[in-house]
Each structure stands twice: as structure tokens, then as C-alpha cells.
Amino acid sequence: MAPSTTIADPQPSSTTDSSNSNAAAAENDIRPFFVLHKASSGKKSTGTVRAKRRIDSPAPKLAKKSEIESTEVEDGEYFSTLRLKVFETVWSKIDKTIQDVLRDSHSKVFSGVHDWICESFESIRSCGALSLSEAVRSYPVLSQPSSKQLFTALVLTRNLEMVDDLLTFEDLGLHLKSQGCHVGKLSSMDFSTKNGVGGCLRGLLRQFVMPTVDVADVTILASWYRENGNHNNPVVIIVDDTERCSGSVLSELILILSEWAVKVPVFLIMGVSTAHDAPRKILSANALQRICATRFTLSSPAERMDAVLEAVFLKPCSGFTVSHKVALYMRSYFLSQDGTLTSFVKTLKIACLQHFSLEPLSIMLEHFCQDNQPPGEGTGLLTEATMKHAFDLPSVTRNKITRSTCEMLPQFLLDLQRMPKPWSIVVLCIYEAGKFDKIRLIDVFCETLDPEARYLKYFSPSASLNSQSHVSGRNSVIRRVLRKLRDFSPAQLSSLLKSWESLTAEFSEISDKVMELHPLMRNVEAAGQRPGLPSSPKKHASRSHSKLEKELKAMTDKVSAIIEFMLREYMKPVETVPFNEILCYKNVDKLQSALLGDPRGRIQSDLLESYNILHCMCCSQRGTSLLPSMHDTSILYTLAQEHADVINLHDWYQSFKTILIPRNSKAKLKSKTCSKSKKRKDRCEEPEPEQPAEASIQARFCRAVMELQIAGLIRMPSKRRPDYVQRVAFGS
Amino acid sequence: MGKENPAEKTLNLIRGRLCDPTFVFRPLSGSSDSNYSKLKFIVSTSITEGCNNSILLLGPRGSGKAAVLDLVVGDLMEEYPDSVTVIRLNGLLHSEDICAFKEIARQLCMEHHLLFSKMASFDENSQFIIAMLRECGLAHKTIIFVLDEFDMFAQGKQRLLYSLLDAMQSVTSQAVVVGISSRLDADQLLEKRVRSRFSHRKILFLPPSREEIDSLLEHLLSLPADSSFPSGYVSQFNEKIKNITSDSRFKDMLKTFLNANSTVNSLLKFIFRAVSSMNLESGLLSLENFKTALSSMQRQPKLEAVRADCSILELYLLVCMRRLEVKEQSSYNFISVMKEYKTIHDSFQTSDYYAQNVCLRAFEHLREREVICYAENRGQSQAGEYRPMKLLISASELHQGMRSHACCPAILLKLLDH
Amino acid sequence: MTREESSKVTRRSIRLASSVTDENPEPKPSHPPTVADLTFGEESITLDALLSNFPGRRSQILDLIRLIGPLDSPSLPIMVYGDASTGKTSVALQVFRHLNRPFVYSSCRTCCSPRLLFESILNQLLLHSKCSSNGYASAKRCDKPSDFVNLLRQALSDVMETLGRKSMGKMLYLIVDHVDLIKDWDKGAMILQFLFSLYSVLKMPQLGIILISGLPPDVYYSNMGYTDPLPVYFPEYSEDELRQIFLKTQVNKKLYSAFLDVVLRPFCRVTRRVEELSTTFSSLFRKYCVPLDDLAISPNEDLKRRLYSNLKPHITSSLNEIFRVSSRPHDGDTKGERRQKASYSSENGEELEILDFHMSTSAKYLLIAAFLASRNPATLDASMFDSTGGMDNRKRKRKASEKSMEKKEIAEQEAVMKGPGSFPLERLLAIFQCIASVGDSSFGEEEEEEEATGYDKESNNMMSDILLQVSSLCDANFMIKSGSCPLEGSIRYRSMVSEDLCLKVARSLSFPLSKYLYRR
């Protein structure tokens, strides 16, 4: 990919990222930014982009740039463009993986929906096919017991936010189309009370029949359905966001369609984002009566995210990974902010991009991607500077690696590449063990990433597993897993065993350990078989019960022992490995600032220190004290800080003026204003013929107030209190 | 079989009579002081004198205003062939001026075999009409404008009336404007400029007297002697009719019916119903037919809704609302009704206490039956269960209905009285 | 495995398509509609069949036939009225099928505007059918009653004379269904007047008009121009009529009647609408038959008793639900999960009340905040959300209980009438801040170990997308924007959440909701 495109591409994340971290950038890591626009300057075509960059890259940095010696600039920009290329490859890989995961997470439900449609369609057809004449008649069919039930699928997207599922319903529509159904899509926009039912009928007809239909008439649909073979396939109508539709219109549509259900077999697919009885709250009783509803459940966002996580970080995908803190941050961002997969992926992408733009060594990830190569190649890319940088990385210094050991660098890189494999296997094993307790992979992931490996202490004899009082591990996942192990049923144990085998198959050390479980498992099963039902140990006759208990105990102990073994031996968190900075992104604060660039707070802080932004000489050294030369809006806002949540416009104006007008001319102004103050009902409209200064001050005051209002910081006076504005935003 | 045929013929004959207003009102127009002769006199004078005129026919719905007018017009058309043109407008259809003018122009064109262009604008139509008025005036042809539902034309700016009457005053035309309205104050609705041009001649249509009704019954029900019916059958049938009408019970029935609604049309409906339930085997009417007709004509839908349609649960809800009203609770909504329902249940341990959504469905059923309704229309944003409600059924109706309900629990009646 | 599944599906659908195509041939555009299409043609039925088809409708059917009258006899307009699903439409249509007379049917449910209604009537009279060849246009474009009358006269006279030529009688009937819906159209009163006086306006006795209405005639009295047609009343079915109706279609009548003995009476106390009952009964009957191996047996007493005993719980449950959602075997994974959940909930109870859809934490807090804001009086916020976290609302409660009873009564009534109170956005955000901070502190002491989670909630950064969360709550109907307050122009919100849902959410956050809820 040409570097120019990497700059000019309209990906929101890349631009937001650069601008955000631009805002938050510390002095030393400006490199990516001006390098970025330098790279763009190489091309003639992207002149505009470059101009933009110039604008938003602030002055001091430009100043700073001059100090950097030219050579570093040169290879710096060379490498950074290179890194961006690597980013493209890596991210495309990750992105593709995510898409695949999502697709087959839905495919099951989709085929389920389609089967349901086929079966119900056949059940309708089995009532006997209609002749053309009776199908297009205006009155209902009498020959058969006409059922007015409208087959309806409630697709539960178990998430309040719709963002993830808009695409899902698109895919569903495409899937059904590919299976030959006539698919029409309605959104909540079509169900407006203003247009009534006619609006959505018209929308349907335009999608099904032809785009130029102007009357909303169901009979058209019927006669269309009877024409050239349309009647061999069902008609599917997808309403993706049911909660937002106006209930009355939707119920009316359902009533109409159900009247024609026999002649035009319509299948309604309603996306329900909250509880499955949401339709009952929206629709009228009669409409509910006509619905014959079937529930389909999409995988919940958390499940999807686990799948994505597994595919991206734990399966060999692209070497890129994140540190403990970043993982925790991403998790909590997912949980506490909008819990959508979209935002999660966005976070991931931003992290990835920042990693490549900030970390010089990240360039070597390219070689981790294609894994058949020996990683030694990567060293060739390292120049002197990067080498130096590489050897004062914290991880390197921590492990006492010096330039002297430089020649064994390939070795380090090699095991850095090998490292993730056993690690991910262990994580997955624990996840398997936790599945019966509905443990989320993200939790396991976060905990096992922990560099100082706190989880090991659960195995130390001091922390007895069954002591509930032990606060520290209350919400530690691994602890929970270990506790749950003890009340596993034999069936669960055996399934666990199987999954472990398949997981550890290609990693001999662990799989040997797993093999050791088999004899125990056999004993358990033997003990289980003897009394009739082996389902759960609690319901057994006492004597066999004790036996089974013993076996189970042995088994579970062994399992936990193996878990401990795995954790101790192979659970080497990434951050402890030398040169892990190549793979691992750590900078949480940047990520956070990139994700939530809190605009209101930013506006306020900028207004308060405006001199930081417009570097005017006069007010920068004078600190906080207000000067007439400052910008009006910032003066006004600084003044507003003294008031409570309502500001008397008059006082505000006065203080504003006192700042603008120097001391000496104060007295006469005073007299003027108090004479004026009774007349003034609303602050600015009447420009009384005063001395020009006064008028201009008023004008400036008005403009500043307007700007504050537009910025959403104050609210204009209400009817009741005409001379007070209200402050809307507090505490930047 | 041979007996069936005359019966059906009779049925067809009488039904045909009942559905044909001119036949019905012919006898009423015999006498010299009847509306028929008044109307005919006025119109015919304006035809003969060649002057303009305007009349209002006022009277309750179905008292035969339009029918009498049709009689008059029909007769005049026979007397003065091709010098009378009738333009019929209906307030229900042509209340807005544009389409009224269009319609007039259309009918004029049809009368005089001109071709009518749909595209003609309002002004063109009005000019055309005035021109036609003048032409007809010169040709001594009278145009009779029949404005049914006259009061509907009096809505809005009354441009049609104004321009018609104005044209009649200015142009040398012969036109008669006959307004038909069931509002006795129809002429008060007119604007000043219109009223000043309107001659306030009114003809009032009153409900028929006893004698008229008797003669009418005679006229409607008796078979003609000179017809293809077997003579024995005719005499038998007429005989039967005579002693039915002379029967006191029938007279009482008739009185009760006429007390409720006294117009001719309602009487016709009553007879129609009775006749259509005639026994085709015997081919004769009987008193029973009239009885059933009376019962089926006099309905109390609300009462029936309570008696036949409401389920026990719905009755419970109605009783709860009634109780709330008795308690002078200013206004109540579904939630407060549910509270009442719950208190009743708690105090009496009734067998039918159902979940809220079921009650809500019952509530909606009552609403679409219009036994209850929302108190005011505003507040759609409010969810349905919070909007204030009110009963549309009187306490006595509720009582009566619940008493006659098939399986109304006794406790409910007690609760209703408490 | 999904691959092969889908392939199987496609195969089936193909087979189905083929089987269908040969069983019902392609419509031939050559065949033009004739006057005969206005009647049911040869598929006429006898009176006895008609009467037996509709149990409990004998008198209505006979009445209708009498009013329509013998062949070629004119008739006054008729209005068939009665409750929903009492067989008005099908009886009327079947009567015409029996009489085999030409008629025109239009339903105001399907034709949801005057123009559609008029045009559909005209289309049928002019024997015009919409199809792709004529671009799905109707024969005549007409949306004004005045035009309609002229066109109708024209069309009627044409049809009449063709009918006369074909010697199919001198009468044509016009059936207009769902007349009551017209009330809700714009200018519906006008259309209704027109419809009711159509007979007298047309002055064509050879057109019999039959109106089918869900509402009794008295609700139309308000329209001036109303001349009431001859009423025919269809009452709700009685209990044993319902029994006959349900038995009519069954194969094993004995078994089903035993079933009906059990269910019919209790359900009739709630509703007597056939379609509502039929959906309930079909699902119940499946449950009823579960213990039986062959469905052809005629049950004896103790079998009936046993069947009843295991049906009983289902009866009470389905008496109290109006909307049931069936789940699919394809959905197996989630169902299995649900079962598992149940098994767990038997062990630890709080998982019974699990929230079955995902909300972000801030959205949950926002939901609770909205709930509190619309339930609590605004004057109490200060005392509720002070540092002591609503400790002193107990005192409040006592004071409230000290209030004199009748004042309390009135206040309660007002509260009930008002429903959930509305609140400005500022108040919502303030409450949100308070409870979110409380919740975090409670979290904090739990996970003092992972202090890293300090990154998330309760950083004022969260303000940035709270507004987004508010909007998405509004989209989910958890909050609605109620009308903006007249005094200050700000838009006000109102929480629509039921208390138990809010409790669920609070439980999932382990947030002490009851502590903050002010009870009168």
C-alpha cells in the first residue's frame, strides 16, 4: 500500500487517533505526527491533507522539530511510513478474523430462521393452493378455515444498543434473499404516526413491486404475489428495531397483513433489543392476538466479544497483543460504557494504530505475522538509533540484557515469537474449566495477563480454597474456577477432559499431564456406573456415594494440580518477556484520551487558558489575570466562573466592561450604566445612541454570550427571569 | 309450489313499493292544502310567470321532503315538457364551491347535450353557468336548483348560494332554488348578503297524522284486485291485512313505535322489516311479523353489549369503574381501576382475579366496544393505563344488563348496589 | 454442519417449489374477468350447509336472508353489527354464496383511505384487476365522494344491463366491511355520512347496501345525515355455542369435548372471542395430549381425571397471559443454557432474577436514576442523596405516615392519575452522578485488589457519552420524552420502567434501590 493512501484514507479512527493523541501529546513523542504529514507531502495529490495536518499540528512542536537533527528525522520518517504499512497488514488480518468470527456466530440463527420460514410456509401451502381468481378477490378466502395468524419471528439481540445488530439484520436479509425469499426491510422511520400505516405499506410496495407505486394498497401486493411465479416463495418483512416503532402504526400493519395472511403468506421478523415481551408493551391486544411468535436468540455481545478475543489474541492471528492494564481498561470500557462490540473493535483498532505509531520496534511485527520466517530477519531493519532504543527498553534492562549480548538477539526474538502459544493454550484450558460456571473469557484473559501473577497465591497452602472470608480473591476468576471444580459432575469432568485433550494436542508437555487424568476419570466413571444414575454425586445411596465422592475428590485435586502446573510453568505473561514491547501495547492513558475525547470539558479548559492555544505574547506571561487584550469569550467565561448557576446579565456585563475599559474613565461610565440599568430589560437588542465605545462593548458582549450559548455552556434567559442566563456546564 | 309463487310476487311487490318513495308519498299529496300542492303552485307560477323564486323545504329527516319535490318536478316535467331543467346538488357531496360549480356545469352540459370539460376552471364554470342562466331565461326555460342538505351549503363562505341568487337577481333568468334541509333554522345560517337575496318562503313537513298513517298502511300493504294473482289469494291477503290493522294490539304497537320515531321513513322501515319476515308458505302477513319487527327495530345497543357481549372479567371492570364514580372520585384511570379491583378481590376473595395484562386486554375490548372511552384526547404521550377514563353507559343500563346477563355472579350485583 | 443443513434446506425448498408449480398452474393473463366473477359462481352451498357451518348463528342468518329478500326484490340498506370475531363477515359472504347473487365487497381495513375504498369498489364493478401490465393502477382515479357518485352511477348502470343480458337478476349488492374504522380516518365523519346516505343519494333501488360494523348503530348517531339502516345484531357466542364451534373441526370429538369440559368454563369468564380462545386452546390441547400415546382413544372417567390433574397448572398460567412466544429446537443452545441457569438458580437463588439482555453499567445506573427521578418527589432529592446515602428517608417515611389519612388518600389518587412523574435532564444527571458514585464505592471495597479498574466508571469522562446512553434508553422505550415544560423550554423525560425490571437491574448492580425509593 502506498504511504499516501495510508494518510489520505478516511478511516475515522486513524484521524481521531492522531488528533486526539495530538492534543494529549507529550513533548518527546511528536515524531509520528509531523512524520505523518511529511509522508503525505511526498505525494502531490494529497496537498489538502497536508495542509490540514499543518494546521492542527501546534506551533511549539513545529518549533521543536527544528531542533531534532536531520538524520534522525530522515530514517524516522522512513521507518514510520514502513510501520504504517505494517499496521495496514496487521490490522487487515485482525479485521478479517473478526468478520469471520461474527459471521459464523450468526449463521446458526440465520439457518434456524430460514428453516422456520420454510416449515411454516409449507404448512400454509398445505391448506391448499388458491386459484388466481380467489387469490386476488377483495374478500377473505372462505373455502378453507382461514387462519388470521401472522407468523412472526422475534429475533432477540440481547443488547440495548442497536449498533452491532444493524449489520446483523442486513446479513439476515441477504441470507434469506439468497435462499429465494422476497425480503423487504422496514425501519422505525417508516412507522411514523404522521404517515400512518399508508407510509409503511408504500415502503413495502416500493421494495417488492416497483419503485413508482404511489397508493398504499395491499391488493397490489396480492396481485403482484400471484404473478409470474412469485407465489413459490414466501414474503419476508424485517423490522429491525421494534422498540422504536410507533405501536399504533405497527399494530395496524399487523392487522392488515394478517387479514391477507392466507393469500400473501407474510413472515414478519422483528428485532427486539430488550426483553422478549417487549411487543406486548408496544402492540395493541388485537394485534398481539394475530401474532404467532417464535423466539430466536442471537449470541449476546459478551459471548461475541469472547469469540473475537479468542480469535484475535489467543488463536495465532497477528502477534499483536495488549498489556494487563490495557486489557483491564478495554474490559471496563466495554462493561461500563456502551457495551457494544463495535466500540470494542474500535478500541482495539485505536490501540493497534497507536502501538504502531508510537513504538519504533513494532515494525518487527511484520515478521511475526508471516510465521514461517525466522524472526532474525527483523534485526536487519534495526538501525543504530532503534538498536539503542531497543536496548534501553524497560523489559530488556530488567532482564540484564546489554549490548554485549546483542548477537543472541535473534534467540530472544525467537522465544518471544514462541511464547504466546503455550500461554494461550493455558488460558483456553482455564476457560474451558470455567465454562460450566459461565465465566467470561475476557475475565480469564485479563487476570492471566497480570505481570506479577497474583493468581498463583491461590495455590499457596496459606490461602485455603474454601475460605470465603478471603477477600482478596473474591472476584478472581481462577479462584472461582478452582472452587467450582469441586462440585463438578462426572459428566462435566469428562467433557472438560475431552476439550483439554483437543486443546493441548499439539503441545506435548501439557498434553502428557492431561493424559495422566484418564485413569482417574475411568475410576470415577466406574464408581458412577454402579449405582443407576451417574448424573450428580449428591443423589446417591450412601455407600456408593462415599466411593464416588472419593474418586471425584481425587480427580478434582488432580485437575487443580494440573491447572496450577500449567499456570506456574507456561503462564509467562507477555510483559515479563524481554523485547515484549514489539508485540505488546501498554499505554493506557493515551488509549483513554483517544477514546473519550471529552469535548465539553476540553472547550471549557481551552476557554479558561486561551493563551496556551493562541500564543499571544502579552497575556501568556501575565498568567491568569484578565486583560482587555484577551479574547472576549474567554474573558466572559472566566468571569462567569465567579457566579453561581444563574448569572445576572447586568452584573456580568458590568464586570466585562470594567475589564475592557481602563480605570480612569470608570466614573462617568458608572453614572451612565446605572441610568441605563432600569431601562435594560433584555441585554443587548437595543443599541442606544451612546458613545461608540459603549455600543461596541455591548456588541462584543452580545457576540461573546452568543458564542458561549452556541458552545453549549450557558442557556439563554427564560420567560420568567428575563435578565438571567443559566450556566449549563460545570467543572471542566 | 303453486302457492309459493304468488307469495314471493307479493313480497316483491310490497318491497318494491316500500323502496319507491314516489309511490309512498303519492296519496299524501292528494289534498289541496298538502305540501305537494303548495310546492307545485309556487314552482309552476315561477315557470308560467317566468320569474325567479326560492323556497326552503324544512322538516325532520325522512319526512319525505325530497320525495314530494320529486313528485312535483316529475309532474311539472310532464306538464311543461322541455321547458324545465333540474340541477340536483347534495350538501354532502358538493359542499365546497369548486366541485359544486363543476357539478352544476356538468349537469347543465348533460341537459343541453354540450360536452363538458373536466379541466374547466372555477371562473370558467361560473361564467358558463351565468351564461346558461341568461340563455335559459331568454328561451323561457326554467332551471330548478335542488340543494339537498341545504345547511351544508350554508357552511363556509356561501359563494355558491351568493353567486346563484345574485345571478338570479341581476340576469333576466328564470330559476327556482329549492333548499332541502332537516335544520329548521337553516335560513338563519345564511349570511346577510345571501339572506337579503333569499325569499323566505318555507314549507314545513310535519309527521303524518293517524288517518294519514292508516291510509298509508292501506295503500302500501293491500294488493291490487286487478292483477295476475289468484283472486282468492288477493282477497284473503287483503282481509288478513285489514284485521291486523284493525287489531288493537297492532294499534298499540304502532303507537309505541311512533312515539319513538314518528317519521314516514322509519315507519317504512318497520313495515319493511315486518313484510320481509312474512311466512312464504302461507303467503300471509301475521301479527307476529310486526311483533318481531318491532323488537328488532327497537334496540338498546349498550344494554345488549353488557348483557350479551361482556365477559365476567369485563363486568368486574365496569363495576369497579362504576364504584369509583359513585365514590365521587374526580377522574380515574386503569391503574386506579385495578386498585379498586384488587380491593374487591381482597375483601371478598372472588374466584376470578386475573393478571394485569389480561385485565388490560379486557379493558381494550371494552374501549373498542365504546362502553368506556378516554376522558380527553390529549396526552397520547401518556401510556394508555394512565390516561383518565370514563363510562359511556348509564348506571341503570349497567344494572339491567347485568341482571339479564347469562352468568353474572351475584356478588357483582351486590357490589354494584353496595 | 451448518453448510449441509442449509443445503438440505435449499433442496427442500426446491422440491416444494416444484410440487407447488404443478399443483397450481401459472395464472393465464388471457382469461379476462367477467360479470360472473361478482358471484361465487358454481361453488354455491345449500341453506342447511350454511346453517350447520355457523353454530349459534341460525337466527342471524335467516334474518339476513329475509332482509335481502327473494330474487330481484329491492331492499333497504342493512347494517350487520356485533363484536369482533362473531362471524359477521364470513356469515354475510357465505349468505351470498348461498344465494349466489352478484356482490361487491370492500373492507375498510384493507382500503385504509377514502380513495382506496372508492377505487376498489369501482375496480370490482368495472371488472378491472390491478396487474403489472397496467402498472397496478386502478380503473378510475377518484378520491372525492362527488366524483365517486357519478362514476358509481355510470358503472352500476353498465353492470346492470350486462347482468340483465346474462339474466342474473336485477339486483347488485355492495358490502362494506369494518365501517367503524372510518371514524379514525381524517374527515371520517364526512365519509360516514356519505356512506350512510349513499342509498338515498343514488336513488337506485337495484343496489342493495350492506354495512358491516364492529360498533352498534348508536355510536353513529352523532353524524348528521345519518339515517339508520336496518340493524342485524351478532351477539357474542354463548358458552355451548363456543363448544360446538370448537368441536366442529376436531377429529377426536370425545377427547376434545373432555378437554373442553375442563377449560371452556374458566376461559369464558375472561373472554369469549373465538380467535383468542382458539390460540390458547390449541397450545393447551397439545399439553393435554402429552400423556396420551394414541390420540384416537375415547377417554374414560379416571383418564379424564388424570389428564385434568396434569393440565391444571398450565390452565392457571395461561389464564393470566395474553402473549406467548414459542421457542425453536434450532435455538437449542440458548435453551440448554437457560435450563442450566435454572439448575444453578436452584442452588443459589439470586440468579432467578437474571436480566436477559445486555446493558452497559452506566446505562443501568441511568435507568435506575430515571426510575427514581420519576418516582420520588423532586423535593426529596437533597435528603435522599446526601452523604449518608438516603439513610434519613426512614424519618421521611415516618413523617409521611403521620399525615392524616384522607390527605394521603388524595395524594395517592393524584399520584396514580399522574403516573410516573417527569423530570428535566439536569435532575437525571445529578441523581445519576450520586448513585453512580455510591455504586462505585460499593464496588471499590469488593475489588480493592484490582485497583486498575479505577480507569472505568465515575471518571468525569463518562459525562461525554451519557447523553448518548439517554437517547438509547429513550429508543428502548425505557424513557419517553414527555412534552417540554411550558415555564422553561427544556424538554422533560419520564421513566416508563416497571418496578420489577428496575429491581432486576439494581440487583445485577447489587445497588440498594429500596433504600432510595420514597414510598408514601
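At 0% relative accessibility, C:F259 counts as buried (under 20% relative accessible area, with exposed over 50% and partly exposed in between; 1.4 Å probe, protein chains only). C:Y288 is buried too, at 1%. This is a predicted model, where local features need pLDDT of at least 70, side-chain atom pairs count only at pLDDT 80 or more, and totals for chains, interfaces and linings use all residues. Side-chain values use heavy atoms, without hydrogens and water, residues are numbered from 1 along each chain as its sequence is written, and chains are lettered from A and ligands numbered from 1 in the order written.

## Aromatic pairs

Rings of Phe, Tyr and Trp (its six-membered ring) pair if their centres lie within 6.5 Å; planes under 30 degrees apart are stacked, over 60 edge-to-face and the rest tilted. Over all chains, that gives 41 aromatic pairs. In chain B, the planes of B:F270 and B:F290 stand at 65° with centres 5.9 Å apart, so this pair is edge-to-face. Because B:F270 lies in helix α14 (residues 264-276) and B:F290 in helix α15 (residues 287-297), the pair ties together parts 20 residues apart in sequence. Helices here are DSSP runs (H or I, at least four residues), numbered from the N terminus. Both B:F270 and B:F290 are buried.

## Charges over rings

A:K263 lies over the face of A:W260, 4.7 Å from the ring centre. In chain B, the charged end of B:K9 sits over the ring of B:F229, at 4.8 Å from its centre.

Key:
Helices (H or I, at least four residues) and strands (E, at least two) are DSSP runs, numbered from the N terminus. A charge sits over a ring if NZ of Lys or CZ of Arg is within 6 Å of the ring centre and within 35 degrees of the ring normal.
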